[in-house]
Amino acid sequence: MDAYQSLLVFNVFVSSVLLFSALLAAIHYGYTSDKSYLFYGGYLASMFLYFLLDVLVLPYTEKFLPGWKNHVYTFAVPINVLPFYLYLRFANEFVFFQKFNTSIFKKVASAANFLLVYVCIDRVLVHVSDNAELSVQLWFFAKLAFALFILFLLSEAFQTDNRLAKVFATGTLCFVVGGLAKICHEKFFPVPQPTTVLWRSPFFFMQVGVLLEVLFFNLGLIYRTRQLNKEHTELQLREQETRKTKELNEFKSRFYANITHEFRTPMTVILGLCDHLLGQPRERMTQSVTMIKRNGEQLLELVNEILALSKAET
């Protein structure tokens, strides 16, 4: 296998990893409706589309998608912006920025909206005013602004105690290093040749960075899923305890209402009999005393039930 074939095999491998991971993310989203998997799958699919811009891959892509090369350069900016937009949306869903830092969440959401506005402006410049040169200049400044924002986001993520934020930042750092290596490569090797060795491909370092990023993101998603399942289990346990406590309180309320009534009846009988005995001769007291004893025993039994309930609660 020559160097050019090795390059193509590597591109096929990277594309397969991206598409397979995107498919798994889509399946997981179908089962869980978790938006982080939706945006993650979209991000991976858009990165696959982005890597089709590789000049070494374009001739093969043309065989399956005739005219793809012309469309690529026509929609170069949207193709480049789409991964960044989905990346930002994935960041907010994946790291729970809204939970531990509302300020970062709003800034990331604003940056994503800015990219959409930028694409709309670019489309106007290209299709309405036919000013491609200005479009290229705007793309340079847009990339610069996005790079600075990513550096800010990485700084904030590494400073938090959130494990997911640090995993996310580590994966993103791999992508950033790969992107910087790609830029340096294009500066020193602007025209890749078919016989170029693997590491001299314009997308090679960026693809390696993306593979490492995907690895960290996948590990982070596994950890995140386990964390969510743990929180869900703990929530169910708390709900069960709350439900049991509520049922116990309702039982106690009913019990005390009934026990109050049960106390009142014997006490009324006892007091009534006492009043009756005060006006009766000695020989007629036996029947009344028997009734008093029976009601006293009932009261004792009720007291014993209350004590038993008290012991059960403790």
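Okay, a definition to start: rings of Phe, Tyr and Trp (for Trp, the six-membered ring) pair up if their centres lie within 6.5 Å, and planes under 30 degrees apart are stacked, over 60 edge-to-face, the rest tilted. Search the whole structure that way and you get twelve aromatic pairs.

Quick caveats: this is a predicted model, so local features need pLDDT of at least 70 and side-chain atom pairs pLDDT 80 or more, while totals for chains, interfaces and linings use all residues. Numbering runs from 1 along each chain as its sequence is written, and side-chain values use heavy atoms, with hydrogens and water left out.

Tyr40 sits in helix H2 and Phe217 in helix H10 (residues 204-277), 177 residues apart; helices here are DSSP runs of H or I, at least four residues, numbered from the N terminus.

So, buried or exposed, Tyr40? Buried, because its relative accessibility is 1%, and Phe217 is buried too, at 0% (the cut-off is under 20% relative accessible area, 1.4 Å probe, protein chains only).

Now the helices. H2 (residues 35-51) and H5 (residues 76-95) have axes that come within 8 Å and cross at roughly 160 degrees, with axes fitted to C-alpha atoms over the stretch in contact and angles running from 0 to 180 degrees between N-to-C directions. H2 and H5 are therefore roughly antiparallel, meaning over 145 degrees. Contact residues (heavy atoms within 4.5 Å) include Tyr40 and Tyr43 of H2 and Tyr87, Phe90 and Phe94 of H5.

Conventions:
Helix = DSSP H or I, 4+ residues; strand = E, 2+ residues; numbered from the N terminus. Parallel < 35°, antiparallel > 145°, perpendicular 65-115°, else oblique. Buried < 20%, exposed > 50% of the residue type's maximum accessible area, 1.4 Å probe, protein only.
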